[in-house]
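Thanks for making the time this morning. I would like to walk you through one structure, taking a sheet, then the nonpolar cores, and then the charged pairs.

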Amino acid sequence: MSVSELKERHAAATETVNNLRDRLIQRRLQLLDTDVAKYTAAQGRSPVKFGATDLVCCRTLQGHTGKVHSLDWTLESNRIVSASQDGRLIVWNALTSQKTHAIKLPCAWVMTCAFSPNGQTVACGGLLDSVCSIFSLSSTADKDGTVPVSRMLSGHKGYVSCCRYVPNDDAHLITSSGDQTCVLWDVTTGLKISVFGGEFQSGHTADVLSVSISESNPTRFITGSCDTTARLWDTRDASRAVGTFHGHKGDVNTVKFFPDGHRFGTGSEDGTCRLYDIRTGHQLQVYQPQGDGESLPVTSIAFSASGRLLFAGYANNNTCYVWDTFLGEVVLDLGELQDSHKNRISCLGMSADGSALCTGSWDSNLKIWAFGGHRRVI
Amino acid sequence: MASTSCSVGGEVAGETGLALAKSSLPPPRPKSPPPYPDLYGKRREAARVQMLEREIGFLEGEIKFVEGLQPSSRCCKELSDFVVANSDPMIPAQRKSRRHCRFWKWLCFPCLSVASFCCCCRPECSCHLRKPKCCNSTCCSCVGSKCCNGSCCSNSCCCPKPSCPKCLSCPSCSCFLGCCCSCPDLCCCIPTCFRSCSRPSCLNKKSSCCSCNCKIKWSSCFKCPKLRLCCCFCNCKNTCSNPCCLAF
């Protein structure tokens, strides 16, 4: 077959793909008979109401000298690791605010960090070297804070945007990258196990920005990408995504599994958060701030323990909306509370026990928020 | 097989037995390379077509899958049932949890100067927090720049202060594992220069982006996330006009 014939086939196949995608979108729209807000309103659910002092900032973690880009909790909900533009990873005792480790990174342009399930190692990745580095917290640092890298996961051809350990598995980690792929790594050997996506595999068609791995089924993970889609993957089959979720009009900056493991949330450059069902692919709800102003990109999201609350950080001064996921309304803005951040909130993380939310900001601080009000007996 | 012969002005060079007079031969002129088939491009195009045809198969399968799907109202019901059935420490009105009030552990602050007794010993606390121990000679329990002074935390930093010979990074005065380091001037540079760079100097201490002595060439540019621009990391001006600095 000649090159020109191949090009004709390529054009015809592209048109067929686009037509099929349109048909799929139309068919899915027909199945959307309601959304979460309409359903719960019909059920007579009342909105969540916060008093002025219900959610309070009970810790401010100070120590970074640059923008905080990423954070992660340990499983025991007592320590946090944060990564900052100042080129350091800091490990904090979340209860006492003490710093237990301050690791100076070989490459200062770090974008992501993660705690291993056993809390003994931290991983980070970033821009320049396209490498995910693993540090052992039991290694001794010199007085400059330099800790030897215990493992380097190299192989990506672009920046490492996000890294997450597989739940309950200290030996495996998933990274997402600006090279449009995700990789499952064996941390003990430093080798790739699987590559998800890429030039000749069905996958994202632009930078992958975020990863979230299911706690209840660690073989499943969700990714968000600059190609405006989120995709569901199975670690046992890297040949293609299990599902592709459309709807956003801009980069999907952040993804997070819903606590039940059967749904997930997304936050996007288009200013909306969305809730999708994994098994059906349905878009169950759109969370869009009201107002005539320009949409602010969503930088990060987190769900509360039951999933009733969705915390979303936005790319403006210090806005962090708390959404009632049932009724689709903003019930609180952490940016308006006392002791709130002074700059953009770049990352969020809920502790594993659901008792506290940690926010990281461009003001170089991290803050821990918890419920400080009264609970009435029902 | 491609011809290896070349013609010069219509004549075929290298003909044996032919003596050519110097003055009658035209000067040699290079010919265009023969039109070899672009195998690499063809294979790549074929791979792309194969990928698209596979995608067509996936989409057709997905369309069949969607035909048998439940409507979104069923999913909404499942979600609603899950949320209602699970307690949430962050929600104002809940059933009383029989477990420890998980918030109280966040209320227990480290012991302050006088009220060391105030550290949390309440039964509601899950005993994660105990009165912090103050170390003998190094400060390991103090918040921020406060250091251990006997059994309490004081405002003056009592940690040993090794001088910072090279202000490659810019820690503010704080106790990291007992070492309290203060830089002679508050270097605020991001990031540190490497390769042939010398220590960055802070020309404008107020800006968060210092100029750098790096002479890194454009070929070592990296792609800024999300901006899809190529920028040299060591190109920061005092006012952070580098697009990477603005967005990162």
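Let me begin with a pair of strands in chain A: E4(A) and strand E5, which covers residues 99-104, run antiparallel to each other and are paired over five bridges. Before going further, please keep in mind that what you see is a predicted model. Within this pair, A:Trp92 stands opposite A:Lys99 in E5(A), and the two strands form a hairpin with five residues between them, where A:Ser97 in the turn has a positive phi of about 70 degrees.

On its other pairing, E4(A) meets strand E3 of chain A, residues 79-84, again in the antiparallel sense and over five bridges. Here A:Arg79 stands opposite A:Asn93 in E4(A), while A:Val81 has A:Val91 as its bridge partner. E3(A) and E4(A) also make a hairpin, with three residues between them, and A:Gly87 in that turn has a positive phi of about 85 degrees.

Putting these pairings together, we have an open sheet of four strands in chain A, in the order E2-E3-E4-E5, with antiparallel pairing. Strand E2 (68-73) and E5 of chain A stand at the edges, and because each has a single partner strand, one side of each is left without a neighbour in the sheet. From one strand to the next, the twist averages 15 degrees. How many of the six residues of strand E4 of chain A are buried? Five of them are, so this strand, residues 88-93, is largely enclosed by the rest of the structure.

In soluble globular proteins, nonpolar side chains tend to be buried together. The largest nonpolar core in this model has 21 residues, and those touching the most other members are A:Phe50, A:Leu55, A:Leu309, A:Phe311, A:Val322, A:Leu334 and A:Leu357. Several strands of chain A supply at least two residues each, among them E1 (55-61), E23 (309-314) and E28 (366-371), and the largest share, three residues, comes from E26(A). A second, separate core has 20 residues, including A:Leu284, A:Ile301, A:Ala312 and A:Leu327.

A:Leu55 deserves a moment of its own. Leaving aside its neighbours within four places in sequence, A:Leu55 is in contact with a set of residues that includes A:Phe50, A:Phe311, A:Leu334 and, from chain B, B:Met90.

Finally, the charged pairs, of which a search of the whole structure finds 16 salt bridges over all chains. In one of them, the side chains of A:Asp234 and A:Arg220 meet at 3.5 Å, N to O. Since A:Asp234 lies in strand E16 (residues 230-234) and A:Arg220 in strand E15 (residues 220-225) of chain A, the pair ties together parts that are 14 residues apart in sequence. A:Asp234, at 9% relative accessibility, counts as buried, whereas A:Arg220, at 24%, counts as partly exposed.

A salt bridge also joins A:Arg274 and A:Asp270, at 3.7 Å, N to O; A:Arg274 is buried with a relative accessible area of 9%, and A:Asp270 is buried with 13%. There is also a network, in which salt bridges that share partners join A:Asp260, A:Arg263, A:Asp277, A:Arg279 and B:Glu78.

Definitions and conventions: Residues are numbered from 1 along each chain as its sequence is written. Chains are lettered from A and ligands numbered from 1 in the order in which they are written. This is a predicted model: local features need pLDDT of at least 70, side-chain atom pairs count only at pLDDT 80 or more; totals for chains, interfaces and linings use all residues. Side-chain values use heavy atoms; hydrogens and water are left out. A nonpolar core is a set of buried Ala, Val, Leu, Ile, Met, Phe, Trp, Tyr and Cys residues joined through side-chain atoms within 4.5 Å. Buried means under 20% relative accessible area, exposed over 50%, partly exposed in between (1.4 Å probe, protein chains only). Contact means heavy atoms within 4.5 Å. Two strands pair if DSSP finds at least two bridges between them. A salt bridge is a side-chain nitrogen of Lys or Arg within 4 Å of a carboxyl oxygen of Asp or Glu. Axes are lines fitted to C-alpha atoms, for helices over the stretch in contact, and angles run from 0 to 180 degrees between N-to-C directions.
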